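Please keep the sequence and the structure in view while reading.

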Amino acid sequence: MFSKKDVETLNSDRLFRGFLSVTSVRLKHALFARQGDPYQSDEVSSEVVREVVNNRAAVGVLLVDKTLRQVALVEQFRIGPYVAGDENPWLLELVAGLVEAGESPAEVAVREALEEANCQIMSLEHINDYYSSPGGGTQLFSLFCGWCDLSQAGGVYGLAKEQEDILVHTVGFDECFDMLTQKQISNAHTMIAIQWLKMNHA
């Protein structure tokens with residue numbers, strides 16, 4: 001019903017800039033509550049102020065060996081769960097990384113598979129794109145399935161300059177699906193990719 005043309009930015013201020021940046025945006029937008037006059041409503045104000053976390057686009061790739069019926073997952077320390085008080089801030093995840101200038105999402109998937117898991121992707125299948133946290137962030141996440149030979153997979157990898165310390169696990173399809181059912185996976189991109197695999201592995 002609405003599109004970007006139904007939003008007017010009134011003011012935008014950079015509040016913080018580091019690895020992430022935070023922007024405060026004041027805007028007004030069309031309202032479902034008053035479609036005939038979208039900038040007027042007795043009950044809902046069309047003018048809002050929102051803080052937005054700006055982050056580069058990201059890519060995740062589920063490494064799959066169709067012959068062995070195995071996937072490769074990586075385990076690493078994550079600051080978010082640690083600060084939130086999680087009992088175990090080491091998470092099982094897909095290989096993933098941020099898109100650098102001039103890179104396509106597919107190129108990131110291939111690069112990160114080598115850096116984080118020492119795996120060569122033979123072919124890629126695009127699963128979907130989604131916003132990680134659309135209520136407060138700009139990051140668009142692209143998901144892929146990467147067909148690999150996992151017969152020699154395993155070990156510890158990552159880039160020293162990025163302080164990465166990443167353990168590679170290989171698990172069978174059924175074990176992987178059980179991990180999801182038993183709530184051993186706690187990050188969205190890995191859940192989505194495993195659910196996709198469960199629906200399509202046949």
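## Strand pairing

β1 and strand β2 (residues 21-29) pair in the antiparallel sense over nine bridges. Two strands count as paired if DSSP finds at least two bridges between them; strands (E, at least two residues) and helices (H or I, at least four residues) are DSSP runs, numbered from the N terminus. Within this pairing, Ser-12 has Val-25 in β2 as its bridge partner.

The open sheet has three strands in the order β1-β2-β3, with antiparallel pairing. β1 (7-17) and β3 (47-54) are its edge strands, each pairing on one side only. From one strand to the next, the twist averages 20°.

## Basis of the model

The model is predicted: local features need pLDDT of at least 70 and side-chain atom pairs count only at pLDDT 80 or more, while totals for chains, interfaces and linings use all residues. Residues are numbered from 1 along each chain as its sequence is written, and side-chain values use heavy atoms, leaving out hydrogens and water.

## Helix packing

The axes of helix α3 (residues 173-181) and helix α4 (residues 188-200) cross at roughly 130° and come within 10 Å. Axes are lines fitted to C-alpha atoms, for helices over the stretch in contact, and angles run from 0 to 180 degrees between N-to-C directions. α3 and α4 are therefore oblique to each other, a class that excludes angles under 35 degrees (roughly parallel), over 145 (roughly antiparallel) and 65 to 115 (roughly perpendicular).

In contact (heavy atoms within 4.5 Å), residues of α3 including Phe-173 and Leu-180 meet residues of α4 including Met-191 and Lys-198.
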